[in-house]
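Subject: Structure handover and notes

Hello,

Here is the structure for you to look over. My notes follow below it.

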Amino acid sequence: MSEIPSESPESIRGGFSGPDSGTASAVAGFSELDLALIDALQAAPRAPWTRIGQALGVNATTAARRFERLRAEGLAWVTAYDAAKTATVAYVEVRCRPRAFDRVSAAVTALPWVFSVDETAGDFDLFLSVAAPDLPSLGRAVHRGIGGLRGVRSTRTRLGITLYGEGRDWRMRAMNPAERAGLGGAPTVRPRTYSTHLHERPSPQDQALLTALGADGRLGYGELGALTGMSEHTARRRLQRMIREGDITLRCDLAHPMAGLSTMVVYRTSVPHALLEQTGNALARLEQVRMCVSVSGPYNLLVLVWLHGLGAVDPFEALLAERFPALEVRDRTVALHSPKRMSWLLDEHGRATGRVPLGLPGH
């Protein structure tokens with residue numbers, strides 16, 4: 001699936017849009033076709049290039065070649081990771097001592113169980129997403145592994161409870177309805193509950209597939225077999241079972257600042273418990289919402305959004321007030337830079353530059 005056939009420049013719909021192109025999206029690093037391609041892969045991360053190309057009105061060679069360029073430049077990538085049900089997840093706010101920020105940020109970014117890192121402007125300096133096999137392991141990892149770092153002033157942990165929507169569910173919305181219909185239409189967003197104790201870990205074979213697909217979620221079955229030491233048939237059978245049983249999450253990510261989504265905001269909000277599930281499900285379907293999860297603590301709903309600049313903050317909050325009158329925004333924190341997202345290392349423009357494979361503390 002990852003082999004890229006050759007193509008002629010004439011076969012690319014609309015031509016190759018480089019940095020001198022006149023459209024805003026092309027100036028930012030993406031052409032309109034690039035964004036539609038990402039949208040298609042968000043809907044169907046491992047779909048054959050023939051199917052992707054058909055949905056976009058281009059041939060398979062064009063679709064494959066386009067994505068290979070995006071991947072090589074760190075602008076878009078397909079990755080894989082454990083499903084929410086297999087791990088204990090928490091969101092940790094870190095306050096740093098003066099002049100220690102860079103050192104602490106680099107240290108937590110290097111930790112394999114800290115799968116996302118956001119540098120923020122607010123009443124804390126770093127917002128971390130962390131994973132552990134169970135609650136005791138999580139406590140030790142946060143208090144010793146993060147709190148014990150030189151330069152950390154304090155930490156505050158919110159335990160993830162129910163995940164209403166995440167990056168897997170978010171869409172670029174660059175395809176038109178007819179194109180999207182060919183890939184299954186709108187995403188099915190279902191609540192997923194995080195684990196609080198150690199579940200049976202994936203078998204060595206399944207873990208090997210997860211590791212390989214974390215680096216390249218579109219690897220073909222033959223390549224997966226070669227990388228994991230199993231036959232192509234076995235790799236196919238095991239991966240299809242993992243997908244069918246919801247043991248693996250696949251998603252296509254992108255350098256969002258270069259697609260015009262320059263502002264990420266983390267909202268800590270409160271909603272009456274009786275309305276929590278209804279509100280969480282509805283929020284997760286808003287086009288601006290990248291993640292929505294219920295958490296422990298006084299503010300029971302954590303919402304992360306991607307917006308087109310700071311000027312979009314007030315309109316978004318007006319939308320929240322109109323649609324969710326029972327929802328109270330308790331705090332908003334703007335991300336200055338995200339050096340890590342789902343184990344991928346990102347530069348200041350959001351481009352992927354490397355990867356720290358996910359590993360749970362104590363494993």
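A term first: a residue is called buried when its relative accessible area is under 20%, and exposed when that area is over 50%. Please keep in mind that this is a predicted model.

**Helix H12**

Start with helix H12, residues 313–323. Its buried residues are Val313, Phe316, Glu317, Leu319 and Leu320. Looking down the axis of H12, these buried residues fall within an arc of 150°, so they line one face of the helix. The face turned away from that buried side carries Asp314, Ala321 and Glu322, which are exposed.

What do the buried residues of H12 pack against?

- strand S8 (263–270)
- helix H11 (276–283)
- strand S9 (289–295)
- strand S10 (301–307)
- strand S11 (328–341)

**The overall picture**

The protein chain has 363 residues, and 55% of them count as buried. Its secondary structure comes to 12 helices and 13 strands. Take the contacts in the chain with a separation of 6 or more: 76% of them join residues 24 or more positions apart.

**Cores**

The largest nonpolar core has 53 residues. Which of them touch the most other members? They are Phe30, Leu37, Ile52, Leu56 and Tyr91. Helix H2 (residues 32–43) gives this core its largest share, 7 residues.

**Helices H9 and H10**

Two packed helices are described by the angle between their axes and the distance between the axes. For helix H9 (residues 221–228) and helix H10 (residues 232–244), the axes come within 8 Å. They cross at roughly 100°. H9 and H10 are therefore roughly perpendicular to each other. On the H9 side, the contact is made by Tyr221, Gly222, Leu224 and Gly225. On the H10 side, it is made by Glu232, Ala235, Arg236, Leu239 and Gln240. By class, this contact has 4 nonpolar, 3 polar and 2 charged residues.

H9 has a buried side too. Tyr221, Leu224, Gly225 and Thr228 are its buried residues. They cover an arc of only 100° around the axis, which puts them on the same side of H9. They pack against helix H8 (204–215) and H10. Ala226 and Leu227 sit on the other side of H9 and are exposed. After H9 comes glycine 229, with a positive phi near 75°.

Is methionine 175 buried or exposed? Its relative accessibility is 5%, so methionine 175 counts as buried. Methionine 175 lies in the loop between strand S5 (152–165) and helix H7 (177–181). Leaving out residues up to four places away in sequence, methionine 175 touches Ala36, Asp39, Ala40, Leu56, Arg180 and Leu183. One of these, aspartate 39, is 136 residues from methionine 175 along the chain. Their C-alpha atoms are separated by 6.6 Å. Leu56, also touched by methionine 175, is one of the residues of the 53-residue core that touch the most other members.

Glutamine 54 lies in helix H3 (residues 49–56). Glutamine 54 is exposed, with a relative accessible area of 66%. Glutamine 54 and glutamate 179 are 125 residues apart in sequence. In space they are 8.4 Å apart, C-alpha to C-alpha.

Two residues to check by eye:

- Arginine 99 has a phi near 70°, a positive value in a residue other than glycine. Arginine 99 lies in the loop between strand S2 (88–96) and helix H5 (101–109). At 82% relative accessibility, arginine 99 counts as exposed.
- Methionine 342 is not a glycine either, yet has a positive phi of about 45°. Methionine 342 lies in the loop between S11 and strand S12 (344–346). With a relative accessible area of 12%, methionine 342 is buried.

Best wishes

Definitions and conventions. Residues numbered from 1 in each chain as written. Predicted model: local features only at pLDDT ≥ 70, side-chain atom pairs only at ≥ 80, totals over all residues. Heavy atoms only, no water. Buried < 20%, exposed > 50% of the residue type's maximum accessible area, 1.4 Å probe, protein only. Helix = DSSP H or I, 4+ residues; strand = E, 2+ residues; numbered from the N terminus. Arc of directions from axis to C-beta. Contact = heavy atoms within 4.5 Å. Core = buried A, V, L, I, M, F, W, Y, C linked by side-chain atoms within 4.5 Å. Axes fitted to C-alpha atoms, helices over the stretch in contact; angles between N-to-C directions. Parallel < 35°, antiparallel > 145°, perpendicular 65-115°, else oblique. Nonpolar A, V, L, I, M, F, W, Y, C, P; charged D, E, K, R; others polar.
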